[in-house]
Amino acid sequence: LWKDTRKKIFQLIKHEMYNTYDSYIEVFNYIEEEMKKIAKQKNIIFLEELNNLFNKIISYEILPEIYLRLSARIYHYLIDEFQDTNILQWKNLYPLIYESISSQGTLFIVGDKKQSIYRFRGGEPKLFDKIETDYFAHYGCYRDYLTQNYRSKKSIVEFNNIIFSQENLERFCKSLENVENIQDIISEIENVYSNTKQEYVKNESEKETVGYVYGELVDIPKDQEYEDMIKPKLINLINKLISQKYNYSDISILLRTNSEVRTITEWLIQENIPVESEQTL
């Protein structure tokens, strides 16, 4: 009886879903077809179509013509933000790059694995290693790391060195419970965060103590409200900074979602703390 009930509930939900969204899908399909017609008439190609279209082109018999038109002229390739390159993009470029390197050309890629934030679009940081081991191993590759940090002060650089050290990452990974393939995860994290240690640039005109970093991980019990824990900590921290001669304009609060922005903005307004956000502008 329970199995039969579950099956009927699923069917009911399915009918409700079709009933709610079918009209929208029909409108979407109609607009999509019209957009394709207009794009064809006006010779427009949308950005999201480029990778697939180019992949089709290089898969056809006209590939030698592409070599003649591009590879004969382009010998040196520079790809920035390489950690966000996806497999399809690389497959599209690879034949051209391979041809140029075969003719004494070069490939120069720049990127940072730990800044790979486009995995949801197919960004593949493992390509860094595959270039050396799979694609161009027989040509010889040279890898270099930027060990000098010109952007941040001593305290921040040293803080990052501790956080992303191999010992700290191992400690964190081993603290995770009930995670499948934990050893594979640890190996991947260690690979991404290897060679991250940097040196700060010493400036004789500045004091060695310039910069300050403080971090706190707040564990909110299930029976406790988010606001009860976070709001007083945030307000006290802001007041502490103001008492230390900082201005409100020196302070920024970074959040993950728009709903959090709304909540924090309301808190600050309630405390008569001047705040600017998308909610107030």
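Hi everyone, two housekeeping points to begin. The model is predicted, so local features need pLDDT of at least 70 and side-chain atom pairs count only at pLDDT 80 or more, while totals for chains, interfaces and linings use all residues. Residues are numbered from 1 along each chain as its sequence is written, and side-chain values use heavy atoms, with hydrogens and water left out.

Let's start inside. A nonpolar core here is a set of buried Ala, Val, Leu, Ile, Met, Phe, Trp, Tyr and Cys residues joined through side-chain atoms within 4.5 Å. Buried means under 20% relative accessible area, exposed over 50%, and partly exposed in between, using a 1.4 Å probe and protein chains only. The largest nonpolar core has 11 residues, including Tyr77, Phe82, Trp90, Ile97 and Phe128. Which elements give two or more residues to this core? They are β1 (76-79), α4 (87-102) and α5 (127-135); helices (H or I, at least four residues) and strands (E, at least two) are DSSP runs, numbered from the N terminus. Helix α4 gives the most, with 4 residues. Apart from this core lies another, of 8 residues, among them Ile230 and Leu268.

Now look at isoleucine 97. Not counting residues up to four places away in sequence, isoleucine 97 touches Tyr77, Ile79, Trp90, Leu107 and Phe136, where contact means heavy atoms within 4.5 Å.

On to the rings. Rings of Phe, Tyr and Trp (its six-membered ring) pair if their centres lie within 6.5 Å; planes under 30 degrees apart are stacked, over 60 edge-to-face, and the rest tilted. The count comes to 14 aromatic pairs. Phenylalanine 82 and phenylalanine 128 are edge-to-face, because their planes sit at 75°, with centres 5.3 Å apart. Phenylalanine 82 is in the loop between β1 and α4 and phenylalanine 128 in helix α5, so this pair ties together parts 46 residues apart in sequence. Phenylalanine 82 is buried at 0% relative accessibility, and phenylalanine 128 is buried at 11%.

Tyrosine 94 and tyrosine 98 make a tilted pair, with centres 5.7 Å apart and planes at 55°. Both lie in helix α4, 4 residues apart, which is about one helical turn.

Finally, the cysteines. How many disulfides are there? The count is 0, taking a disulfide as a pair of cysteine sulfur atoms within 2.5 Å. Cysteine 141 is partly exposed at 39%, whereas cysteine 173 is buried at 1%.
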